[in-house]
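This report describes one protein model for a reader who has not seen it before. The sequence and structure come first, and the description follows.

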Amino acid sequence: MDTKTNGIRRKRGTKSQTDNTTRIIVALLAGAGAAFLLALTILMSRLESQELRNGLLKSNVGGAKGVDDQVILEEVSQGHASLGIGAGLRQKKESKRREQLVEEIEKAKHVYGKVAEKFGKLTGAKDGNVLDSIVGEAVGEMNHIEGELKGTKHRGNSVDILHDFKDLLHKNKDEEVQRKNQLRHQNTDGEAEFAPHLYPRFPPLPPHLKAEEIFGSDIIDDTLSGEKPTIAGIIAILQGFLGKLHQLLIDKKHATAPEVIDAYFDLVNTQLEPLEHAYRGREIFPIREDQSIFMSLGAYRDHLLGETLRQAFKRAAYPDKLFVGAVVQNCFGIDVQCRTGVEVKGTDANGRPITEVSDRPPDVNGIEEFCNDPEYKQYCDAGQIRALYVNETESNGPTTARYFASKLWGGETYFLQADAHLRFAQDWDRLYHEEVNAAKSYPKAVLSSYPPGFSEEDPPYKGGSQGTRLCTCTFSDSDVEHRILRINTGNQCRGEEAAPSQIAYIAAGFFFARAEFLVDVPFDPFLPWCFMGEEIALSLRAWTHGWDIYAPRKNWIAHQYRPGRMGLPKFWENTGRVFGRPGPGFNTQLQTITIQRVKHMVGYKESTTEWLRDHNYQVVLTDFEHYGPGEIRTREEFLEHTNIDMEKEKCGHIGWCNDCSLE
């Protein structure tokens with residue numbers, strides 16, 4: 001609800017007019033469509049002044065003087081006033097209103113002066129930009145009003161200008177109402193129910209727009225209260241964490257790996273744990289039963305993000321029910337020189353590859369590509385794209401990115417986690433929805449597989465091949481991977497099954513489930529710089545929380561697999577640069593510590609609580625009870641279910657998985 005203060009409309013609950021004006025100016029970064037908001041703040045004075053002018057110059061009923069005349073006549077008729085006294089009162093009111101208008105314009109000018117420099121830095125705008133024009137126009141308007149009150153100036157065609165401005169306000173108001181109506185949803189009783197947590201809507205562009213600066217700190221307080229969460233509030237919390245992380249990385253540039261991990265875990269405890277605690281064991285938002293899908297995308301310097309989004313919406317049966325939470329980890333060229341990955345430039349005389357890392361321009365922003373495409377802009381305008389931008393320097397691996405992305409979920413029916421380099425078959429969303437509903441264990445069923453691969457020169461993906469089955473595993477013999485369990489594919493089914501059948505493991509690069517999965521198996525914020533172990537941890541946690549894992553009978557998405565020879569950037573290369581130790585070595589030291597959290601969960605004999613404490617790794621047990629195995633089924637039952645021998649570190653044959661016999 002709006003209230004009026006000194007002739008200017010402002011939202012109830014805001015702290016001051018200055019705060020509102022600042023937020024409105026910063027909000028202009030959301031795009032040209034938001035520019036009218038600043039005009040509204042300043043030029044509402046015009047609408048007030050027009051009413052005043054009409055009374056002074058025309059004496060029409062409905063103008064300021066007309067209203068006052070009517071009141072005075074009523075007072076005279078009742079013996080409470082005389083025409084002379086009434087005229088004096090009217091003059092006092094007119095004078096007071098003029099002073100209020102002057103005061104509001106001066107406030108707006110003062111605020112503009114304070115924030116114009118910041119706006120220019122963020123946008124590259126120079127003197128004479130649209131903001132200067134708006135403020136200058138408003139100041140001129142004030143001068144005209146003062147002249148009119150003194151009887152020295154006349155308005156000419158100004159009323160027509162105000163009429164046009166009013167039309168613009170009504171048009172934008174109608175468009176916003178229409179957009180809100182599009183985000184209404186049906187509950188199980190079929191009644192329209194509004195989703196307040198989607199507002200205020202945080203725009204996906206431009207990058208690094210700060211939610212707290214636009215909407216104020218109340219959105220953080222409301223979200224952490226556990227009572228009034230919003231996606232904008234969650235984004236503000238995540239952005240606050242990233243800001244603190246940036247400083248931590250500077251302060252710890254020359255620290256040891258254990259010192260870095262200790263500081264990082266402390267930061268998670270102070271910045272993210274309050275959010276985790278507020279909604280632990282329950283949904284952050286009510287789940288909409290409208291068959292909507294939330295697609296979680298963690299994109300690390302990914303040149304295919306924009307095309308992935310275009311394909312997803314273009315080939316969806318119900319694009320209006322598709323929502324995306326993208327964590328865009330790019331090199332934006334802020335304070336750093338962007339670099340390529342390790343590129344193969346040729347071979348030497350002995351046939352060994354010659355590699356090189358070189359400078360490159362800032363990364364392409366896939367969100368910008370998608371939202372600036374006229375064919376898809378509507379989905380960004382409707383709030384279906386939610387983006388969190390992470391500077392490459394703050395990126396620390398897929399597990400953290402997926403944690404962030406999961407927090408952008410907004411109450412959609414289904415949760416889909418995938419990589420940001422995909423192609424889609426026609427009606428892929430409907431087909432996966434039907435497939436998961438066909439699983440015997442639905443609604444506690446997870447679809448997962450390793451999708452088939454594609455190359456960028458391939459024709460459009462049609463889908464329909466048999467889904468892969470994740471039925472095997474092996475203990476890695478790589479020193480870098482610390483003998484962690486790695487999952488893999490097994491036998492295919494005959495292809496004539498009437499329903500999906502169960503498999504042993506979940507692939508982090510693609511799984512599809514109802515959104516209750518996020519309540520039972522919340523993503524773990526305590527796995528930074530960890531590349532291996534994600535899938536075995538996810539599989540064990542989901543199964544012990546009562547979720548059965550299924551292979552889709554058909555593939556409806558394809559994935560670009562990226563061998564090292566493609567020369568794409570890797571996050572561990574960035575880690576080396578951030579800590580001044582080029583190469584993957586320091587990331588490996590960090591992973592040596594954090595991977596113990598996964599090994600402790602799975603039951604490695606050297607990763608017991610006692611062993612971790614003896615080796616000063618006890619930090620990895622932080623909040624472990626909230627991100628470890630569930631209580632519906634035990635870890636031992638999972639190991640038996642998947643035929644894993646932790647004592648001998650061997651993976652056995654899983655008959656029920658390979659012969660497709662477990663429904």
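Tryptophan 529 sits in the loop that runs between helix 17 (517-520) and helix 18. This is a predicted model. Although tryptophan 529 is not a glycine, its phi is positive, about 55 degrees. With a relative accessibility of 3%, tryptophan 529 counts as buried, the cut-off for that term being under 20%.

Asparagine 643 also has a positive phi of about 55 degrees without being a glycine. Its loop lies between helix 23 (635-641) and strand 18 (644-645). Asparagine 643 is partly exposed, and its relative accessible area is 37%. Most residues other than glycine have a negative phi, and most peptide bonds are trans.

The bond from tyrosine 199 to proline 200 is cis, with omega near 0 degrees. The bond from leucine 205 to proline 206 is cis, again with omega near 0 degrees. Proline 200 is in the loop between strand 4 (192-193) and helix 7 (211-215), and proline 206 is in the loop between strand 4 and helix 7.

| Site | Feature | Value |
|---|---|---|
| Tryptophan 529 | positive phi | about 55 degrees |
| Asparagine 643 | positive phi | about 55 degrees |
| Tyrosine 199 to proline 200 | cis peptide bond | omega near 0 degrees |
| Leucine 205 to proline 206 | cis peptide bond | omega near 0 degrees |

**The chain as a whole**

The protein chain contains 24 helices and 19 strands. It has 663 residues, of which 52% count as buried.

Glutamine 291 is in the loop between helix 11 (273-278) and strand 5. Neighbours within four places aside, glutamine 291 contacts Lys321, Thr413, Tyr414 and His433. Its relative accessible area is 33%, so glutamine 291 is partly exposed.

**Nonpolar cores**

The largest nonpolar core is made of 108 residues, and Phe241, Phe404, Leu485, Tyr505 and Phe517 have the most contacts inside it. Which helix gives the most to this core? Helix 9 does, with 12 residues. Phenylalanine 241 touches Tyr264, Leu267, Val268, Gln271, Leu272 and Phe404, when residues up to four places away in sequence are not counted. A second, separate core has 47 residues, including Leu297, Ala316, Ile385 and Phe510.

**Helix pairs**

Helix 9 (residues 231-251) and helix 10 (residues 257-271) have axes that come within 10 Å and cross at roughly 155 degrees. Helix 9 is therefore roughly antiparallel to helix 10. The crossing of helix 9 past helix 10 is right-handed. On the helix 9 side the contact is formed by Ile237, Gly240, Phe241, Lys244, Leu245 and Leu248, and on the helix 10 side by Ala263, Tyr264, Leu267, Val268 and Gln271. By type, the residues of this contact are 8 nonpolar, 2 polar and 1 charged.

Helix 18 (residues 534-544) packs with helix 20 at an angle of about 40 degrees, and their axes are 10 Å apart. These two helices are therefore oblique to each other. Helix 18 passes helix 20 in a left-handed crossing. Helix 18 brings Ile536, Ala537, Leu540 and Arg541 to the contact, and these meet Val598, Met601 and Val602 of helix 20. The residues of the contact comprise 6 nonpolar, no polar and 1 charged.

**Enclosed helices**

In helix 12 (residues 305-314), 8 of the 10 residues are buried, so the helix is largely enclosed by the rest of the structure. The buried residues of helix 12 are Leu305, Gly306, Thr308, Leu309, Arg310, Gln311, Ala312 and Phe313.

In helix 19 (residues 571-578), 6 of the 8 residues are buried, so helix 19 is largely enclosed by the rest of the structure. Its buried residues are Phe571, Glu573, Asn574, Thr575, Gly576 and Val578. Their cover includes helix 9, strand 5 (293-300), helix 15 (398-406) and helix 20 (585-602). Glycine 580 follows helix 19 and has a positive phi, near 65 degrees.

Conventions
Residues are numbered from 1 along each chain as its sequence is written. This is a predicted model: local features need pLDDT of at least 70, side-chain atom pairs count only at pLDDT 80 or more; totals for chains, interfaces and linings use all residues. Side-chain values use heavy atoms; hydrogens and water are left out. Axes are lines fitted to C-alpha atoms, for helices over the stretch in contact, and angles run from 0 to 180 degrees between N-to-C directions. Helices (H or I, at least four residues) and strands (E, at least two) are DSSP runs, numbered from the N terminus. Angles under 35 degrees count as roughly parallel, over 145 as roughly antiparallel, 65 to 115 as roughly perpendicular and the rest as oblique. A crossing is left-handed if the near helix is turned anticlockwise from the far one by less than a right angle, and right-handed if clockwise. Contact means heavy atoms within 4.5 Å. Ala, Val, Leu, Ile, Met, Phe, Trp, Tyr, Cys and Pro count as nonpolar, Asp, Glu, Lys and Arg as charged, and the others, Gly among them, as polar. A nonpolar core is a set of buried Ala, Val, Leu, Ile, Met, Phe, Trp, Tyr and Cys residues joined through side-chain atoms within 4.5 Å. Buried means under 20% relative accessible area, exposed over 50%, partly exposed in between (1.4 Å probe, protein chains only).
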